[in-house]
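Work through the exercises below with the sequence and the model in view. Try each task before reading its solution.

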Amino acid sequence: MFRSASTILYVEDPVTSARFYHALLGVAPIQQSPGFVLFPLPGGANLGLWRRDDVTPAGRDGELTLTTDDPDAVHALWAERGCRIIQPPTDMGFGRNVLITDPDGHRLRAFRPSGQ
């Protein structure tokens with residue numbers, strides 16, 4: 001029934017956030033308008049950035065999680081790119097992870113699941 005999945009984040013300025021995600025993910029948007037930007041993600045999922053003032057009904061936040069083999073390498077890359085790191089590489093019950101925020105305060109977590 002379903003063919004793909006998207007995570008939609010509500011942002012103040014889709015253009016500013018698109019620059020951040022383009023640098024972070026290393027991919028170009030596949031759709032872009034003044035109020036919405038869409039990026040392809042690994043595995044067929046998508047990331048949408050929707051201008052917060054245009055969302056109906058109104059919303060605020062979200063978290064994007066990305067699975068990785070090496071959270072420590074991701075941490076080093078994100079630190080090099082000037083990302084705001086709110087949790088350095090940490091082992092938790094679900095796995096080793098690193099957590100940052102984007103310009104709007106949305107949380108992005110890269111993690112290696114436990115047992116991998």
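Two strands pair if DSSP finds at least two bridges between them. Helices (H or I, at least four residues) and strands (E, at least two) are DSSP runs, numbered from the N terminus. The model is predicted: local features need pLDDT of at least 70, side-chain atom pairs count only at pLDDT 80 or more, and totals for chains, interfaces and linings use all residues. Residues are numbered from 1 along each chain as its sequence is written, and side-chain values use heavy atoms, with hydrogens and water left out.

**Exercise 1. Find the bridge partner of Leu66 in β8, and describe how β8 pairs with β5 and β7.**

Solution. 
- Step 1: Leu66 has Ala110 as its bridge partner in β8.
- Step 2: β5 and β8 are joined by 5 bridges in the parallel sense.
- Step 3: Strand β7 (residues 95–101) pairs with β8 over 7 bridges, in the antiparallel sense. Ile100 has Leu108 as its bridge partner in β8.
- Step 4: The hairpin of β7 and β8 has 5 residues between the strands, and Gly105 in the turn has a positive phi of about 85°.

**Exercise 2. Which strands pair with β4, and in which sense?**

Solution. 
- Step 1: Strand β4 (residues 46–51) pairs with β1 in the parallel sense over 6 bridges. Thr7 stands opposite Leu47 in β4.
- Step 2: Strand β3 (residues 36–40) runs antiparallel to β4, with 5 bridges between them. The bridge partner of Phe39 in β4 is Leu47.
- Step 3: Between β3 and β4 the hairpin has 5 residues, and Gly43 takes a positive phi near 85°. Ala45 is in the loop between β3 and β4; its relative accessibility is 22%, so Ala45 counts as partly exposed.
- Step 4: Arg51 is in strand β4. Its relative accessible area is 23%, which makes Arg51 partly exposed. Arg51 and Gly35 are 16 residues apart along the chain, and their C-alpha atoms are separated by 5.0 Å.

**Exercise 3. Check the span of α1, and state where its buried residues fall.**

Solution. 
- Step 1: The expected span of a helix is 1.5 Å times one less than its number of residues.
- Step 2: α1 has 12 residues, so it should span 16 Å; the end C-alpha atoms are 15 Å apart, which agrees.
- Step 3: The buried residues of α1 are Pro14, Ser17, Ala18, Phe20, Tyr21 and Leu24.
- Step 4: Viewed down the axis of α1, the buried residues fall within an arc of 165° and so line one face of the helix. The arc is that of the directions from the helix axis to the C-beta atoms.
- Step 5: An α-helix has 3.6 residues a turn, so residues three or four places apart point the same way.

**Exercise 4. Which element gives the most to the lining of the largest pocket?**

Solution. 
- Step 1: β1 (6–11), α1 (14–25), β5 (63–67) and α2 (71–80) each supply at least two residues of the lining.
- Step 2: β5 gives the most, with 4 residues.

Note on methods
Buried means under 20% relative accessible area, exposed over 50%, partly exposed in between (1.4 Å probe, protein chains only).
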